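Please take a look at the structure below. The paragraphs after it walk through how its parts meet.

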Amino acid sequence: MATVPKVDVGTDYKEKYGFFVPEEYVFKAKRGLNPDIVKEISWMKQEPEWMTKFRLRSLEIFRKKPMPNWGADLSVIDFENIFYYLKASDKQSKSWEDLPPDIKATYDRLGVPEAERKFLAGVSAQYESEVVYHSLQEELTKKGVIFTDTDSALRDHPELFKEYFGTVIPPADNKFSALNSAVWSGGSFIYVPKGVRVDIPLQAYFRINAENMGQFERTLIICDEGSFVHYIEGCTAPIYTTDSLHSAVVEIIVKKGARCRYTTIQNWSTNVFNLVTKRAMAYADATMEWVDGNLGSQITMKYPSVYLMEPGAKGDVLSVAFAGKGQHQDAGGKMIHVAPNTTSTITSKSISKAGGRTSYRGHIKIYPDAKNSKSFVKCDALLLDDESRSDTYPYNDVDAENVTLGHEATVSKVSDEQLFYLMSRGITRNEAETMIVNGFIEPFTKELPLEYAVELNRLIQLEMEGSVG
Amino acid sequence: MALTLETLERSGVQGDEPDWLRERRLSALASYERLPKPSRTDEEWRRTDVTGFDPAAFAHFEQELGHSTMSSSVPDGVIIGSLLDSAKDHQDLVRSHLFTLIDPNRDRFSALHGAFFTGGNLIYVPDGVTVDEPITGQHFSYENGTSVLPHTLIVAGRNARFNYIDEYISKKDDEDGYRSGSAEIFLGEGAEVGYVSLQKWGRNAWHFGDQRARLEKDSKLKLFNVTLGGRFSKTRVEASLVGQGSEAELKAIYLASGEQFFDFHTLQDHRVGNTRSDLLFKGALQDVARTVYAGLIRIEKGAARSDAYQANRNLVLSDHAKATSIPMLEIDNNDVRCTHGATVGPVDPISMFYLQSRGIPEATARRMIVQGFFGEVLERIPFEHARRLVETELEARLG
């Protein structure tokens with residue numbers, strides 16, 4: 001296995017690369033959630049007063065909001081028994097040996113380099129990629145692009161931050177966005193100035209410091225007029241965490257004529273409740289694309305949405321879910337057409353295996369002013385055995401004139417004809433099924449950068465053999 | 001004012017019915033008193049506003065004597081008659097089926113119907129009997145501001161074959177009142193039943209209907225629902241496929257205009273394997289009408305080799321009409337084929353252009369497109385008599 005030589009980080013690390021050195025403030029809040037803990041988090045981060053108030057107000061809202069009574073069963077979450085602020089360095093204190101064997105085995109099978117594995121497993125921060133990161137940062141800075149973690153953005157770009165933060169997803173949006181607003185930490189902040197195209201995808205993983213994989217990460221992306229950025233969150237290899245609850249908020253603003261693509265491949269270990277709110281506002285002639293893959297976690301509830309705010313805006317969700325034993329992937333997308341001549345598509349592919357359950361849940365809302373809008377939803381589900389389950393819950397509300405809306409869904413098993421054809425060519429049943437599944441999700445895979453596509457295919461192969469989870 | 005035991009006793013709907021039926025009414029009345037009003041937080045009622053409906057305002061009940069006819073003589077053993085009379089004359093048959101498929105405890109309106117149903121028909125066709133002539137049932141409302149709550153009980157024996165239509169007719173087109181029209185349909189092994197429901201109550205009426213069928217082995221149901229009347233109409237169409245080889249075809253058309261609001265809930269419940277269901281609901285909306293369609297295909301765990309199809313198509317003819325469509329799937333078995341789809345859209349401008357370029361005036365062209373839209377599904381009306389009735393009715397309404 002290839003190892004990359006370590007770079008000495010040094011004391012001027014933070015100044016040079018915009019990183020935190022985690023050891024500077026190792027901190028672990030007490031379990032539970034109350035105003036004191038929230039104040040303490042804000043104080044530890046030396047935040048301005050408005051943010052402290054914002055957090056406290058959000059906590060109030062969180063306490064008042066009822067739990068969602070639809071989707072997966074969330075009653076098992078014990079909010080009082082969670083650490084709301086853990087410095088990542090605490091998580092790093094674990095050693096490689098402490099990891100569950102199935103996670104280690106998966107890394108071996110995926111061929112993830114050892115240093116990267118350790119990062120993925122939360123064993124240590126990976127500084128090897130910083131060379132790449134450094135040259136990338138220089139280029140970005142030249143163009144005026146800001147790419148940093150959200151905590152630093154609050155400190156270094158306070159005006160820009162305050163203008164947009166919490167405007168797409170207010171704390172009162174839902175119980176979990178309120179929770180995130182109260183205790184958020186980490187996540188990415190991206191600002192792309194007018195007319196700037198960022199050619200290489202920005203990956204959270206270039207910017208690795210201990211915080212970017214937090215439980216309550218908060219991402220804010222602003223694409224100014226005519227700009228373009230592709231952001232990639234997460235990795236295909238399973239991320240091991242002892243946290244039982246992951247509740248992120250991602251806000252994106254895509255201004256006139258800009259385009260933003262946000263790619264996620266979520267592969268949390270199967271003890272995690274992954275309850276995420278992701279939303280983008282797309283203005284005139286802007287394009288927002290969510291490419292969303294869900295493989296890990298015990299329960300995921302995630303519906304990336306696009307608010308089409310001005311004429312000509314376009315929204316796109318491409319979603320893949322794979323549910324194995326004990327997993328419930330409740331995923332989908334939402335398109336809210338506010339302005340005329342807006343278009344949206346949602347394509348969902350889901351696979352259930354070994355008693356897993358996938359649910360597509362989506363909402364198309366076309367407001368009275370959104371004349372001449374078009375929306376199309378397509379959901380395909382593949383059930384690999386008779387223990388598994390697939391559901392489709394699409395909600396379509398049309399309030400405007402001259403709107404075209406379509407929804408199609410199919411549920412099927414791997415067809416006997418396809419299997420027979422492949423097996424008659426000497427391919428084993430398992431390989432044949434894997435090929436069929438990979439073919440089934442191909443519309444998703446082809447939208448990924450090559451290295452992710454390759455890893456995803458391998459991961460599907462592992463899932464199919466039942467060696468993961 | 002509320003509907004109470006006293007209302008029930010004074011209503012005259014009971015006649016001299018047997019004790020067991022009286023008990024069923026009382027138990028439904030108790031459910032009505034116990035059950036809360038559906039609220040907007042309840043998924044089924046989120047888009048369906050019943051706050052303006054007060055059943056007590058229509059506390060005068062029109063008793064239904066049941067009008068069912070056949071042009072030729074009734075074959076031996078076949079029972080076609082009033083439900084209230086049959087409750088006395090064919091006690092065992094009615095008692096063992098009535099309100100066993102439709103649950104009066106399901107919600108407040110089901111309970112109300114269970115307690116106050118004003119009559120209706122019983123159609124019983126014994127094992128092996130085929131009735132060639134279509135059987136027709138007609139339910140009338142004569143007065144404004146009353147309650148008319150007919151109930152149809154259909155029991156098909158093994159290999160029985162017949163067609164039946166329920167027509168819901170108001171004497172005046174702008175009539176107000178509380179109306180329901182429910183049907184319980186039991187299909188024995190190998191039975192084949194065609195059922196059509198044609199709802200044309202007055203334009204201001206409140207209508208609640210439950211149509212529920214249970215299909216035994218190798219039976220076939222062709223159900224066709226036509227909804228035209230009422231300011232508010234909520235219909236549930238549900239088929240439980242409990243026997244292997246059974247097939248349910250559930251089709252509907254609706255034409256909503258003015259301020260009408262129509263709500264449809266459908267369920268294709270595949271309890272066992274080797275079953276087929278095929279659903280198509282097509283609606284056209286004019287003026288400021290609103291419709292909601294929410295349908296579910298449920299394939300239970302052991303129901304392998306099931307094949308289910310579900311589609312809802314809405315043609316929106318005006319700028320302010322609104323259609324909501326929620327087609328849902330819950331699939332618990334992998335060896336199945338399930339497909340569903342929904343569309344909401346305006347008249348296709350290319351078709352309009354084509355027709356107008358041939359000198360057809362705009363209004364006529366639109367009507368032709370609507371007729372064409374319904375045409376595909378009208379062909380599936382299971383028997384000629386009903387098809388003619390529906391076509392005539394549509395013709396008149398499309399102008």
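Domain bounds here come from an automatic or database domain assignment. By that assignment, chain B splits into domain 1 (5-347) and domain 2 (348-399). This is a predicted model: local features need pLDDT of at least 70, side-chain atom pairs count only at pLDDT 80 or more, and totals for chains, interfaces and linings use all residues. Residues are numbered from 1 along each chain as its sequence is written, while chains are lettered from A and ligands numbered from 1 in the order in which they are written.

Start inside chain B. The centres of domain 1 and domain 2 of chain B, taken over C-alpha atoms, are 26 Å apart. Each of these domains brings 20 residues to their contact (two residues are in contact if their C-beta atoms, placed from the backbone, lie within 7 Å). On the domain 1 side, at least two residues each come from β7 (161-170), β10 (192-200), β12 (220-227), β14 (247-256) and β16 (276-285) of chain B. Strands are DSSP runs (E, at least two residues), numbered from the N terminus. β10(B) gives the most, with four residues.

Now turn to chain A. Here 27 residues of chain B are in contact with 29 residues of chain A. On the chain B side, the elements giving two or more residues are β19 (322-331) and β20 (336-345) of chain B. Strand β19 (residues 404-413) of chain A pairs with β20(B) in the antiparallel sense, over seven bridges. Two strands pair if DSSP finds at least two bridges between them. Within this pairing, look for A:E408: opposite this residue stands B:G341 in β20(B).
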